[in-house]
Amino acid sequence: MTHLVVVEATNLIQSGDIVRAEAILTALVETEGDNALIEVLDDIPSKDLLAVIREYDSSKQSLLNLLITPEQFARVVVLERLYKDMSHEQLRGMMNSVIFREDADASEFIEAIAELEFGYETFADYLSDRAEEVVGETFAALDTEDISRSEISDHDWKELTWLLRHEHSDIYNIVLVLLKTKLQERIIPEVVLTGEDDEAIENTIPEEKTPKEEEDEDSAI
């Protein structure tokens with residue numbers, strides 16, 4: 001039974017029918033219980049499972065988001081970068097709905113993600129649109145011991161940043177470097193050309209040709 005569910009769900013996902021695939025997987029909970037779904041999630045290829053989970057967030061919940069384990073989620077979420085979504089909106093929605101779900105230990109998810117290749121990059125992508133605030137002085141106040149998690153519990157970037165700083169400082173330090181790099185890449189450096197550089201550039205610019213010269217070249221082809 002489980003094998004058939006995996007095959008059917010995978011085929012639906014690969015054909016683009018995410019809604020039916022999610023319905024088949026969640027129906028398994030009603031017939032065989034939570035553990036049956038968790039076992040099935042282990043057998044579904046991570047890229048296919050990602051295609052389902054990224055369609056749901058805190059505003060549109062799925063049983064998959066509520067039952068997926070830290071290890072399963074980590075294998076899935078590090079593949080999100082393959083979608084090349086520069087806004088990372090779906091990454092944030094997906095992570096918020098899973099890491100901050102009511103029964104979850106956020107630290108378990110953070111550690112599972114950090115253990116995988118591109119795990120640190122995933123955190124940096126998640127925080128990328130808040131990079132200036134995380135790296136800058138305006139958010140540094142949250143680095144003090146006086147601020148508790150409950151005071152910034154937004155189930156979003158502030159809470160994740162607090163967790164990284166206060167409970168996973170080794171991970172945070174690496175993510176911070178990646179965020180600083182992202183900020184540097186956004187800045188267009190001011191290039192000051194020397195006389196020698198100007199000459200080098202001039203030598204690379206092709207001379208303009210007269211209409212007669214272009215006509216002669218065309219006739220020779």
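Reader: In which loop is Arg-54 found?

Author: In this predicted model, Arg-54 sits in the loop between helix H4 (46-53) and helix H5 (63-67).

Reader: Why is Arg-54 called buried?

Author: Its relative accessible area is 9%. Buried means under 20%, so Arg-54 with its 9% is classed as buried.

Reader: What makes the link between the side chains of Arg-54 and Gln-90 a polar contact?

Author: The two side chains are joined at 3.0 Å. A polar contact requires a pair of N or O atoms within 3.5 Å, and therefore the value of 3.0 Å meets the distance limit. Leaving aside neighbours within four places in sequence, Arg-54 is in contact with Glu-80, Tyr-83, Gln-90 and Met-94.

Reader: Why is Glu-108 called partly exposed?

Author: The relative accessible area of Glu-108 is 44%. Buried is under 20% and exposed is over 50%, with partly exposed in between, so 44% places Glu-108 in the middle class. Glu-108 belongs to helix H8 (residues 106-114).

Reader: What caps the N-terminal end of H8?

Author: Asp-105 does, with a side-chain oxygen 3.1 Å from the backbone nitrogen of Ser-107.

Reader: How do you know that the span of helix H2 is close to the expected one?

Author: Helix H2 (residues 18-32) has 15 residues and reaches 21 Å from its first C-alpha to its last. The expected span, at 1.5 Å a residue, is 21 Å. Among the buried residues of H2 are Ile-18, Ala-21, Leu-25 and Val-29. After H2 comes Gly-33, with a positive phi near 100 degrees.

Reader: Which residues are closest to the centre of the largest pocket, and what space lies in this pocket?

Author: The largest pocket holds about 410 Å³ of space. Of its 16 lining residues, Met-86, His-88, Asp-125, Ser-128 and Lys-182 are the closest to the centre.

Reader: Which helix supplies the largest share of the lining of the largest pocket?

Author: H12 does, with 5 residues. Helix H9 (119-127) and helix H12 (169-186) each give at least two residues to the lining. By kind, the lining divides into 4 nonpolar, 4 polar and 8 charged residues.

Note on methods: Residues are numbered from 1 along each chain as its sequence is written. This is a predicted model: local features need pLDDT of at least 70, side-chain atom pairs count only at pLDDT 80 or more; totals for chains, interfaces and linings use all residues. Side-chain values use heavy atoms; hydrogens and water are left out. On a 1 Å grid over the protein atoms alone, a cavity is a set of points where a 1.4 Å probe fits but cannot get out, and a pocket is an open set with protein on both sides within 12 Å along at least five of seven lines; lining residues have an atom within 4 Å of a point. Grid points are joined across faces, edges and corners, and a volume is the space filled by probe spheres set on the points. Helices (H or I, at least four residues) and strands (E, at least two) are DSSP runs, numbered from the N terminus. Ala, Val, Leu, Ile, Met, Phe, Trp, Tyr, Cys and Pro count as nonpolar, Asp, Glu, Lys and Arg as charged, and the others, Gly among them, as polar. The expected span of a helix is 1.5 Å times one less than its number of residues. Buried means under 20% relative accessible area, exposed over 50%, partly exposed in between (1.4 Å probe, protein chains only). A polar contact is a pair of N or O atoms within 3.5 Å; within protein, one must be able to donate a hydrogen and the other to accept it, and residues adjacent in sequence count only if both atoms are side-chain atoms. Contact means heavy atoms within 4.5 Å.
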